[in-house]
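Take a look at the protein shown here. The report after it walks through a few of its side-chain contacts.

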Amino acid sequence: MELEDINTVAVLGAGNMGHGIAEVVAMAGYDVNMRDINEEFVQNGYEQIEWSLDKLAENDQLTQEQADAALERITPLVDMAEACGDADVVIEAVPEQMEIKQDVYTELEAVAPDRAVFATNTSSLSITDLSEFTDRAESFCGMHFFNPPIRMDLVEVISGAHTEDATLDVIEAFAEDVGKTPVRVRKDVPGFIVNRILVPLMNEAAWLVEDDVATIEEVDATTKFDIGLPMGSFELADYVGIDVGYHVLDYMHEVAGDRYEPCPLMETKVDNEEFGQKSGKGFYDYEDGDGADVSMDDDLFSETVKERLLAVLANEVAYLVGDDVASPEEIDTAVKLGGRWPKGPAKFADEYGVADLADALEDAYEETDHPRYEPFDHLATVADEGGFYDDAGEDDGTVEFDTIELTYPGDKVAQIELNRPQQMNSISLELIEELDAAIDLVDDDDDVRALLLTGAGSKAFSAGADFMSIAGGGADPFDAVELSKYGQETFGRLEEIELPVVAAIDGYCLGGGMELATCADIRIATSRSEFGQPEFNLGLLPGWGGTQRLQRIVGMGRAKEIIFTADRFPAEEMAAFGFINEVVEPDEFETAAQDYAAKLAGGPPLAMRFTKRAMQKGWDNHEAGLEVESMGFGHVVNSEDVHEGINAFFGDDEPEFEGK
Ligand SMILES: C/C=C/C(=O)SCCNC(=O)CCNC(=O)[C@H](O)C(C)(C)COP(=O)(O)OP(=O)(O)OC[C@H]1O[C@@H](n2cnc3c(N)ncnc32)[C@H](O)[C@@H]1OP(=O)(O)O
């Protein structure tokens, strides 16, 4: 089957995952039959979809017509034959119990057409075992969405032992077509990729407390504010559900041995029905206490905790890579998207040093004799090779970025996209460093004549400084001064580079994100975008140039209004303030942004260089600005560009400037 052959998709199960998947698939234009075992369940799922689509329309992420059309494409059904009789793809999302799934597949196999591909959304059961309930194990694979499907970009596409490559290819293409990022899991290993990383992390955290190596407070402060993961390890367990983590672990223990022995601390919590957030109490108390109130106090950071957690992660990555389940890049993509990590576990391990982590693992194994510390064979190879990633690429001039993307979408145009959509493209120290490096590349590239600055996804250009960067490192005042200066200087480079910079803004443009956009030469925005300097809401002040640069564009009065009120301002109002040059509708945005950059890229480079320089200089010092203007005028007057411009004028032609 090819992607073009997929028209009708059946989703079995209308619960949380089922109705979420049905919504995503219908939004991409497919006809969806959503089936559950009774009218009440299926109607309930349908109403949830209706509510969610309306919310998306309310937030301008869809038009109301698109939302209505998506809903119309979904048919709620109870009868299996009606739901699946003409399905090209069937996605099963029924409860995670083998017997239930077996019954469903038996019923399904009797009515589905031969051509249909079956995909299961299981997060914990064996794909191979499930495929064997059908007569088409070769056309059967895992298609593991993350919760909630509408917001989470990752889909793990998992091969069972009998799955044909063609099945994985078409399901991957389909996942991409519904707007997701598929990551192929080449072998049916328990936990697949994301749970294989997250669940042992939670278990190791629990063992560290069980073995009196550290307290919950120390483990979580270290995980969140020293390592820099989005949540503390125990906070994560409470969020996911300790019972959920425990069951995955239990299964891994059964299938993959004692290294996955669940920590008694987790077991006790499950026995006491203290599952985490959903039950009101887990490792933290959400009813009578403050919930997961992870401390930033750097006195709580523990190097042993950091090393052990990272060592366990590195060992799992080594297993997945060594066993050819996935590559380091695929693992990092999956965990970044599925766990909302700022970078993946392979990258974390490389940055710490895989050899050091391998030594730490050996030491812990000797000390405790617990099999969870037994290194996988491939870890030693990775340690010898100096890490999971090969840095050779950097020698041939290519630079890899994690938090931004540098592309060349059109003739003479470079585009830097802030690429942390799961975190609203918030700006971390790493992002500033990468931006700095990308500006170097663009600045040195004679073929680039305009720079376009965008944010990935449709929710935000950028929601400002990454809270972790502000809070991380124990929020040391000296570090904060450095961070502020570094941001001011790096953003300021956009004012100084000699080519025009267009910031194209779709969604939130707040705090540090707005300070970054302020440094562009031109700003265009969608009508749904919102702007603001919300720092006062946090007790902070704009620290990346906002107190100085904004006033020069919108005037002192408006700048004070924006900063002092910390309000959010719509694009039209910001256009009236002179901050936005052009407001466009979301469906015209991409073309408008590219066209604007292309138009400026076609301009005269020499004149642009001196004009930007003169305007920038004149901002501080009028006389100096005029001086640069005169010098620039003298410099360009006899240039080939001016000859080209004048010739084109008389020839009624478009000039082609060379910057000479
Ligand atoms: C020197 C510079 C200083 C500064 O810039 S200070 C920072 C100033 N910025 C802000 O105060 C804005 C903070 N963010 C927000 O107010 C909201 O977000 C939005 C209005 C932008 C969007 O709200 P909604 O649509 O409800 O989304 P969501 O659930 O709040 O955010 C989605 C995910 O994005 C993460 N996120 C948002 N802003 C930041 C940030 N600034 N730093 C780090 N992460 C951020 C969230 O936590 C969450 O993540 P999860 O889905 O994992 O829970």
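The sections below cover an annotated span, charged pairs, ring pairs and a surface patch.

## The model and its annotated span

This is a predicted model. A UniProt annotation, from an unreviewed entry, marks residues 8-188 as "domain: 3-hydroxyacyl-CoA dehydrogenase NAD binding". Such annotations may be inferred rather than shown by experiment. The span is 43% helix and 22% strand. Its end C-alpha atoms lie 27 Å apart.

Leu77 is in strand S3, residues 74-77. With a relative accessibility of 9%, Leu77 counts as buried. Glu303 is 226 residues from Leu77 along the chain. Their C-alpha atoms are separated by 55 Å.

## Salt bridges

Side chains of opposite charge can pair when their charged atoms come close. This structure holds 34 salt bridges. One of them joins Asp169 and Arg184, with 2.5 Å between the closest N and O atoms. Asp169 lies in helix H7 (residues 165-177) and Arg184 in strand S8 (residues 181-185), so the bridge ties together parts that are 15 residues apart in sequence. Are the two partners buried or exposed? Asp169 is partly exposed, at 41% relative accessible area. Arg184 has 16% relative accessibility and counts as buried.

Glu204 and Arg372 also form a salt bridge, at 2.6 Å from N to O. Glu204 belongs to helix H8 (residues 194-210), while Arg372 sits in the loop between helix H16 (354-368) and helix H17 (377-385), so this pair ties together parts that are 168 residues apart in sequence. Glu204 is buried, with a relative accessible area of 2%. Arg372 is buried too, with 7%.

Lys281 meets Glu274 in a salt bridge of 3.9 Å, N to O. Lys281 is partly exposed, with a relative accessible area of 36%. Glu274, with 17%, is buried. Salt bridges can also form a network: Asp86, Asp88 and Arg115 are linked in this way.

## Aromatic pairs

How many aromatic pairs does the structure hold? There are 11. Among them is the pair of Phe234 and Phe283. Their ring centres are 4.7 Å apart and their planes meet at 75°, so the pair is edge-to-face. For that label, the planes must be over 60 degrees apart.

Phe649 and Phe650 make another edge-to-face pair, with 5.2 Å from centre to centre and 75° between the planes. Phe649 and Phe650 are both exposed. Elsewhere, ring pairs join Tyr105, Phe118 and Phe140 into a cluster.

## Charges over rings

Rings also meet charged side chains here. Which ring lies under the charged end of Arg259? That ring belongs to Phe376, and the charged end is 3.8 Å from its centre. Lys347 lies over the face of Tyr389, 4.8 Å from the ring centre.

## A nonpolar surface patch

On the surface, Phe467, Ile470, Leu538 and Leu540 form a nonpolar patch. Together they have about 360 Å² of accessible area. One of these residues, Leu538, is in the loop between strand S16 (530-532) and helix H23 (546-554).

Key: Residues are numbered from 1 along each chain as its sequence is written. This is a predicted model: local features need pLDDT of at least 70, side-chain atom pairs count only at pLDDT 80 or more; totals for chains, interfaces and linings use all residues. Side-chain values use heavy atoms; hydrogens and water are left out. Patches are made of residues with over 30% relative accessible area and no salt bridge: like charges are joined within 9 Å, nonpolar side chains (Val, Leu, Ile, Met, Phe, Trp, Tyr) within 5 Å. Accessible areas come from the Shrake-Rupley method with a 1.4 Å probe; for residues, only the protein chains shown count as cover. A salt bridge is a side-chain nitrogen of Lys or Arg within 4 Å of a carboxyl oxygen of Asp or Glu. Helices (H or I, at least four residues) and strands (E, at least two) are DSSP runs, numbered from the N terminus. Rings of Phe, Tyr and Trp (its six-membered ring) pair if their centres lie within 6.5 Å; planes under 30 degrees apart count as stacked, over 60 as edge-to-face and the rest as tilted. Buried means under 20% relative accessible area, exposed over 50%, partly exposed in between (1.4 Å probe, protein chains only). A charge sits over a ring if NZ of Lys or CZ of Arg is within 6 Å of the ring centre and within 35 degrees of the ring normal.
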